[in-house]
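Hi,

Here is the structure I promised to send over. Have a look at it first, and then read my notes below.

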Amino acid sequence: MPREKRELATLRFTGSRFEDHGLELDVLPELTAYKKLLVETAKEIWRRRNPNRARLPRNFESRISIKFFRLMPGSTAVPLIREVDVAATPSLPFDDIADEIDEAATVLGEAIDAADLGQPAPPELPSAVVPLFDGFGQSLREDEGILLSSARRPIPARYDGRVRDLILAWVEPVYEDQVDLIGEVRGTDLDGSTFAIRLDDGRKVRGPFQPEHERTILDALGDHDCMRMRVRGTGEFIQSDGSLKRFLIVEAITLVEPNGRGVDGDEPASLLAMVAEISARVPGAEWQTVPTDLARNLDHYLYGRKRKEE
């Protein structure tokens, strides 16, 4: 399939270091950081558009080729060019050939502009992408910035340390807690060892899995219309509403039927089940030492109060 070069975005570095129109090698990592933002934003845009698809298209990320061939004359502007596969039949001039990467460049420009103006995050910006801005702009000094424009958004958006801090402030406060829930498996990334599970309220939560969990996840995914998966571990919760944001650590994964019963016939764990399990660990001789009137005279044994007679 033939490949075509297509304009994607331009990053122009500003500040005293760049007044001679030379680009310091120290700032080259900013190009790779920007690409990471583009790719991860494009992934989330695709997932939003395809909520019923279990996984990204094959080679989604490896097919993304972004290069720069020169600096624009008289400046430190770096034009980024995409190399994309094109159909043998040329498209008509009015055809919209933009894809998720092109849209990601637009979304990032709008987000940077919003932060610069003190506005909230645009709804098009995936929340999972916001923390990645911490790695973009690390090499910039106090008087430096990046003017970022794209093919679909030619008006430059200024990005600097102040804007980065404002964007990172969009990250919602979170806390960690134990997780034990049941949901429907909606996707898995075997290469990245991650999975996605849909909860009863329709939200999808992602998390990592260990090699020993892979077979169970694939079984749950293959039978997702009649099988659910129980996940236990540690999760990250949004402080404002207590909703689960993602799994941090997955300790156990088991298959369950839609009614919550384990596929081996066992009932899901409950408080009574845990109490029974703990009780079973206590030697029988110890149970013989428990007073027979403990329930009636608990205050007597705890605080020395007068015993109640029958």
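**How two helices pack**

Helices H2 and H3 lie roughly perpendicular to each other, a label that covers angles of 65 to 115 degrees (under 35 is roughly parallel, over 145 roughly antiparallel, and the rest oblique). The angle between H2 and helix H3 (residues 161-168) is about 100°, and their axes are 9 Å apart. Axes here are lines fitted to C-alpha atoms, for helices over the stretch in contact, and angles run from 0 to 180 degrees between N-to-C directions. On the H2 side the contact is made by Ala111, Ile112, Ala115 and Asp116, and on the H3 side by Arg162, Val163, Leu166 and Ile167; contact means heavy atoms within 4.5 Å. By class, six of these residues are nonpolar, none polar and two charged. In this scheme Ala, Val, Leu, Ile, Met, Phe, Trp, Tyr, Cys and Pro are nonpolar, Asp, Glu, Lys and Arg are charged, and the others, Gly among them, are polar.

Before going on, please note that this is a predicted model, in which local features need pLDDT of at least 70 and side-chain atom pairs count only at pLDDT 80 or more, while totals for chains, interfaces and linings use all residues. Residues are numbered from 1 along each chain as its sequence is written, and side-chain values use heavy atoms, with hydrogens and water left out.

**The protein as a whole**

The protein has seven helices and ten strands, taken as DSSP runs numbered from the N terminus (helices H or I, at least four residues; strands E, at least two). Of its 310 residues, 37% are buried, where buried means under 20% relative accessible area, exposed over 50% and partly exposed in between (1.4 Å probe, protein chains only). Among contacts with a separation of 6 or more, 64% join residues 24 or more positions apart.

Ala105 belongs to helix H2 and is buried, at 1% relative accessible area. Beyond residues up to four places away in sequence, Ala105 touches Leu8, Tyr34, Leu38 and Ser150. Ala105 and Tyr34 are 71 residues apart along the chain, yet their C-alpha atoms are separated by 9.4 Å.

Thr10 sits in strand S1 and counts as buried at 12% relative accessibility.

Leaving aside neighbours within four places in sequence, its contacts include Tyr175, Lys245 and Arg246.

Of its 14 lining residues, Phe60, Arg63, Arg82, Val84 and Asp99 are the closest to its centre. S3 gives the largest share of the lining, four residues. The lining divides into six nonpolar, no polar and eight charged residues. A pocket is an open set of points on a 1 Å grid over the protein atoms alone where a 1.4 Å probe fits, with protein on both sides within 12 Å along at least five of seven lines; lining residues have an atom within 4 Å of a point.

Best wishes
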